[in-house]
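Biologist: Please put the model up on the screen, and then I'll start asking.

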Amino acid sequence: MAEDIKATPGTEATVTAGEEANKQVPIAISVKDLVISYRMMRKMSVQRSILSFTQKDKAANRFVAVKGVSFDVPQGEIVGLIGKNGSGKSTTLRAIAGILSPDSGSIDLHGNTISLLSIGVGFKPLLTGRENIILSGMLLGFSEKEIAEKTEAIIEFSELGEFIDYPVKTYSSGMYSKLAFSITAILETNIILIDEVLSVGDEKFKKKSYRKMKELINTPDRTVVIVSHSIKTLEELCTTVIWLHDGEIKMVGETKEVLKEYQEFMK
Amino acid sequence: MRFFKDTKKYFPYAVYSAKAELKSEVANSYLNWIWWVLEPICTMLVYMLVFGNILPNMKEDYFGAFLFVGLTVWGFFNKNLVNSVKLVVNNKSIISKVYLPKTILILSKIMVNGFKMLINLGIVVILMIYYKVPVTIHVLEVFPLLVLLTVITYALMGILLHLGVFVEDMAYVISILLKLVYFLTGIFYNIDTKVKDDTLRYVLGVGNPIGYVIREMRLVILGGQGIDWTLYFIWLGIGLVCCFAVNRVIYKNENSYIKSI
């Protein structure tokens with residue numbers, strides 16, 4: 001499938017599935033001319049904030065993290081995003097997840113459900129694990145009924161036992177990660193976005209979660225986008241890699257080819 | 001409009017989140033939800049002791065109910081504003097992992113404090129029975145006043161949510177400002193009878209929206225009189241315009257919030 005993906009050189013690089021591939025495999029993610037910027041606002045005191053209010057040149061504080069990126073990901077594709085720190089990979093991933101909204105351009109998920117599997121969906125510390133399962137599920141777009149049907153499976157996979165009815169603030173970081181991973185792993189979405197962390201918890205759970213992750217990734221028709229600095233991980237899991245550099249696409253293509261170029265560049 | 005679309009989509013989340021928060025608040029306390037009732041009642045008793053006996057010239061008709069109406073409205077307003085300063089930061093773990101409109105954080109918090117306010121309004125009814133307050137049809141005007149209170153509170157919460165992300169010492173400033181507003185709002189005194197200066201009385205009773213809501217609440221519940229509808233619609237209009245502006249600012253800055261926290 002990687003051969004069907006081509007890059008158009010230029011400032012606004014474009015990655016599109018080939019026409020033939022388009023006919024056979026539906027597109028799961030369409031990113032078009034994506035631009036994301038944000039104001040570089042640091043926390044400041046009341047006094048400084050009043051002073052800064054009088055500043056005229058606010059545009060100078062604006063940072064463009066993603067500069068007109070376009071690509072389509074066909075359904076079932078496992079795409080890796082690589083690039084040095086600050087290249088815009090996590091920002092792109094978060095935009096696909098809907099966490100960050102584009103300044104211009106568009107992201108079309110073609111009706112697919114999506115979840116970001118980083119260290120899981122965040123929790124409300126005062127609520128119990130069980131309540132957080134429902135809240136997280138709702139935020140992932142599932143109904144209360146759908147979540148209720150899968151709650152026991154989540155609890156079982158997370159190995160939390162009776163702790164599921166304790167407030168999350170009493171959990172160790174391992175328990176927190178186990179629950180977070182289990183929610184996104186069991187409440188399966190059509191598109192999974194993975195940000196760096198591929199295995200969580202103690203050694204036993206790490207192996208279990210990695211196995212589950214691979215199972216999720218290799219499910220036919222599931223579309224996966226992985227952000228990672230790990231060449232090994234991307235080589236092992238991805239069919240295609242997009243190399244981002246300073247908010248633009250530098251290269252896109254077959255995993256080995258792109259990773260080789262990237263490694264050369266980073267030397 | 002995006003706000004209404006988001007509210008419809010995330011309303012079940014906001015309700016469940018508010019319910020879970022209320023549950024967690026009482027889960028570890030000995031008297032559970034009774035605290036929501038006990039706290040304002042105790043405050044009312046303290047005020048009755050101080051202003052009913054030590055400073056008797058502050059006393060009004062149905063003084064317990066008079067105080068309780070003021071404390072109930074102020075409690076809702078004050079708690080919401082104090083909570084809104086850290087609303088984004090306190091929900092960092094969620095909003096950095098999944099998209100949640102920040103306006104939903106405000107609505108969920110309003111539901112939490114609104115539920116407590118409704119319990120206290122139930123106590124107002126008990127106090128009305130205790131004091132044998134004559135009830136008129138105007139008592140139903142409490143509902144439009146609650147709408148106005150919510151609109152004004154939402155607008156101010158939105159402003160504080162935004163500033164709270166970027167301005168570090170906002171919580172201190174708000175705590176001081178709220179203390180000032182508290183004393184200027186006529187919670188334990190009647191602005192109409194105790195403030196002698198005409199201009200000051202007008203500013204405190206009409207120019208301060210929370211003072212206006214409390215004053216009108218007392219009039220419809222305890223005085224059997226109707227709302228000053230002209231002022232009502234002026235404040236409602238101002239509140240709605242502010243809500244609209246605040247929503248625009250919040251939506252425009254959502255990316256910056258994520259990056260700042």
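**Helices and confidence**

Biologist: What hand is the crossing of α7(B) and α12(B)?

Modeller: Left-handed, meaning the near helix is turned anticlockwise from the far one by less than a right angle (clockwise would be right-handed). Keep in mind that this is a predicted model, where local features need pLDDT of at least 70 and side-chain atom pairs count only at pLDDT 80 or more, while totals for chains, interfaces and linings use all residues. Residues are numbered from 1 along each chain as its sequence is written, and chains are lettered from A and ligands numbered from 1 in the order in which they are written.

Biologist: Fine. At what angle do α7 and α12 of chain B pack, and how far apart are their axes?

Modeller: About 30°, with 8 Å between the axes; helix α7 covers residues 142-166 of chain B and helix α12 covers 229-252. Axes here are lines fitted to C-alpha atoms, for helices over the stretch in contact, and angles run from 0 to 180 degrees between N-to-C directions. The helices (H or I, at least four residues) and strands (E, at least two) are DSSP runs, numbered from the N terminus.

Biologist: How is α7(B) oriented relative to α12(B)?

Modeller: That angle makes α7(B) roughly parallel to α12(B).

Biologist: Which residues of α7(B) and α12(B) meet?

Modeller: From α7(B), they include B:Leu148, B:Ile152, B:Ala155, B:Gly158 and B:His162. On the α12(B) side, B:Tyr232, B:Trp235, B:Gly239, B:Cys242, B:Cys243 and B:Val246 are among them. Contact means that C-beta atoms, placed from the backbone, lie within 7 Å.

Biologist: And how do the residues of that α7(B)–α12(B) contact divide?

Modeller: Into 17 nonpolar, four polar and no charged. The classes are nonpolar for Ala, Val, Leu, Ile, Met, Phe, Trp, Tyr, Cys and Pro, charged for Asp, Glu, Lys and Arg, and polar for the others, Gly among them.

Biologist: How do the axes of α3(B) and α7(B) run?

Modeller: Helix α3 (residues 63-84) of chain B crosses α7(B) at roughly 20°, and their axes come within 8 Å. The two helices are therefore roughly parallel to each other. The crossing of α3(B) and α7(B) is right-handed.

Biologist: Which residues make the contact between α3(B) and α7(B)?

Modeller: B:Phe76, B:Phe77 and B:Leu81 are among those from α3(B), and α7(B) brings residues including B:Leu149, B:Leu156, B:Met157 and B:Gly164. By class, the α3(B)–α7(B) contact has nine nonpolar, four polar and no charged residues.

Biologist: Another spot: where is B:Tyr212, and is it buried or exposed?

Modeller: B:Tyr212 is in helix α11 (residues 209-221) of chain B. With 25 C-beta neighbours inside 10 Å, B:Tyr212 counts as buried. The cut-offs are 20 or more other C-beta atoms within 10 Å for buried, 12 or fewer for exposed, and in between for partly exposed, with C-beta atoms placed from the backbone. Leaving aside neighbours within four places in sequence, B:Tyr212 is in contact with B:Gly205, B:Val206, B:Leu231 and B:Trp235.

Biologist: Over to the interface. How many residues of chain A and chain B are in contact?

Modeller: 30 residues of chain A with 25 of chain B. On the chain A side, β3 (27-39), α2 (46-53) and α4 (129-139) each supply at least two residues, and the largest share, five residues, comes from α4(A). By class, that side of chain A has 19 nonpolar, seven polar and four charged residues.

Biologist: What ipTM does the predictor give the complex?

Modeller: The ipTM is 0.74, and the pTM is 0.82.

Biologist: Last one: what is phi of A:Asp33?

Modeller: Near 45°, a positive value in a residue other than glycine. A:Asp33 lies in strand β3 of chain A and, with 14 C-beta neighbours inside 10 Å, counts as partly exposed. A:Asp246 has a positive phi too, near 50°, and is found in the loop between β10 (240-245) and β11 (248-254) of chain A.

Note on methods: Parallel < 35°, antiparallel > 145°, perpendicular 65-115°, else oblique. Contact = placed C-beta atoms within 7 Å.
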